[in-house]
Amino acid sequence: IGYMELLVNGNNIPEETRDKYLKVAYNKSLRLQKLIEDLFGFTKLNYGKIAMNIAKVDIVKLMAQLLEEFYPNFMENSLEYSLESTENQVMIEADGDLLARLFDNLINNAIKYGKDGKKVSVVIRKVDDIVHVAVINYGKVIPKEDIDKVFNKFYRVEQSRSVNTGGTGLGLAIAKNIAMMHGGDIVVQSDLYGTIFDVTLSVNYNKEKYVYENRDLI
């Protein structure tokens, strides 16, 4: 708003300065749009306003597609990526669109905060009727005091990097909620060997396993 006021009220602003102010205002507008969209989505998830469309989903195929979609981001950040799975096909009952959003957030997070590690890995393991999908980056270690807070809404491990990374602090909270909606969960561990976000999902969706509780947004 401050930059827009300068543009509206400033009569003698040099063209170069005006272009700079416009770029800043535009970038801040994009970030505000992202924040509003994430907050709206988080609110709908938290209050059970999203209807789940359960169908058969091949989690291996889904992850392969998502990684391909992120190819430009990987190249831009000089990152390699890999996908490993204990089976060529792993079918589960889930909402494909919601799962895509969950893993989109995790991969995006891995790129933002793991770019120093030069690689992002996705490992899929099926153990009986449970599927583990681990998204791993090899960047900076998350401090122990932050591990239990990373899924809190608006929480950021490196607050000073919020503008540079462009995130809203809601991506991991949204991912956690989507996993819980499927009767699963996400846990994280971080050490010198990598930062692992491990998503657990059941092969068979059981609505009775998921008890949704409204939670305060503030």
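Eight helices and seven strands make up the secondary structure of the protein chain, as seen in a model that is predicted. Of the 218 residues in the chain, 41% count as buried, and among contacts between residues at least 6 apart in sequence, 72% join residues that are at least 24 apart.

**Confidence of the model**

- The pLDDT of the protein chain averages 82, and 80% of the residues reach a score of at least 70.
- Among the elements of the chain, strand β5 (residues 130–137) has the highest mean pLDDT, at 96, whereas helix α7 (residues 162–165) has the lowest, at 48.
- Over residues 159–164 the pLDDT is below 50, and this stretch has six contacts in the model beyond its near neighbours in sequence.
- Residues 211–218 also have a pLDDT that stays under 50, and for them the model has 22 contacts beyond four places in sequence.
- Where pLDDT is low, the predicted coordinates should not be read in detail.

**Aromatic rings**

- A search of the whole structure finds three aromatic pairs, and one of them is the stacked pair of F74 and Y81, with 4.6 Å from centre to centre and 20 degrees between the planes.
- Within this pair, F74 is buried, its relative accessible area being 0%, whereas Y81 counts as partly exposed at 24% relative accessibility.
- F70, F74 and Y81 together form one aromatic cluster.
- The pair of F151 and F197 is edge-to-face, because the planes of the rings stand at 90 degrees, with the centres 6.0 Å apart.
- F151 lies in the loop between α6 (144–147) and α7, while F197 belongs to strand β7 (residues 194–202), so this pair ties together parts of the chain that are 46 residues apart in sequence.
- Both partners count as buried because their relative accessible areas fall under the 20% cut-off, with F151 at 15% and F197 at 4%.

**The cavity**

- The count comes to one cavity of 30 Å³ or more, and the space in the largest cavity is about 30 Å³.
- The lining of the largest cavity consists of I92, E93, A94, L99, H182, L201, S202 and Y205.
- Two elements, β3 (91–94) and β7, each give two or more residues to this lining, and the largest share, three residues, comes from β3.

**V203 and its surroundings**

- V203 lies in the segment after β7 and, at 11% relative accessibility, counts as buried.
- Leaving aside residues up to four places away in sequence, V203 touches M91, I92, E93, K126, D128, D129, I130 and V131.
- One of these contacts, M91, is 112 residues from V203 in sequence, yet the two lie 6.9 Å apart in space, C-alpha to C-alpha.
- I92 and E93, which are among the residues that V203 touches, are also among those that line the largest cavity.

Technical notes. Residues numbered from 1 in each chain as written. Predicted model: local features only at pLDDT ≥ 70, side-chain atom pairs only at ≥ 80, totals over all residues. Heavy atoms only, no water. pLDDT = per-residue confidence, 0-100. Helix = DSSP H or I, 4+ residues; strand = E, 2+ residues; numbered from the N terminus. Contact = heavy atoms within 4.5 Å. Phe/Tyr/Trp six-rings, centres within 6.5 Å; stacked < 30°, edge-to-face > 60°. Buried < 20%, exposed > 50% of the residue type's maximum accessible area, 1.4 Å probe, protein only. 1 Å grid on protein atoms, 1.4 Å probe; cavity = no way out; pocket = protein on both sides within 12 Å on 5 of 7 lines; lining within 4 Å. Points joined across faces, edges and corners; volume = space filled by probe spheres on them.
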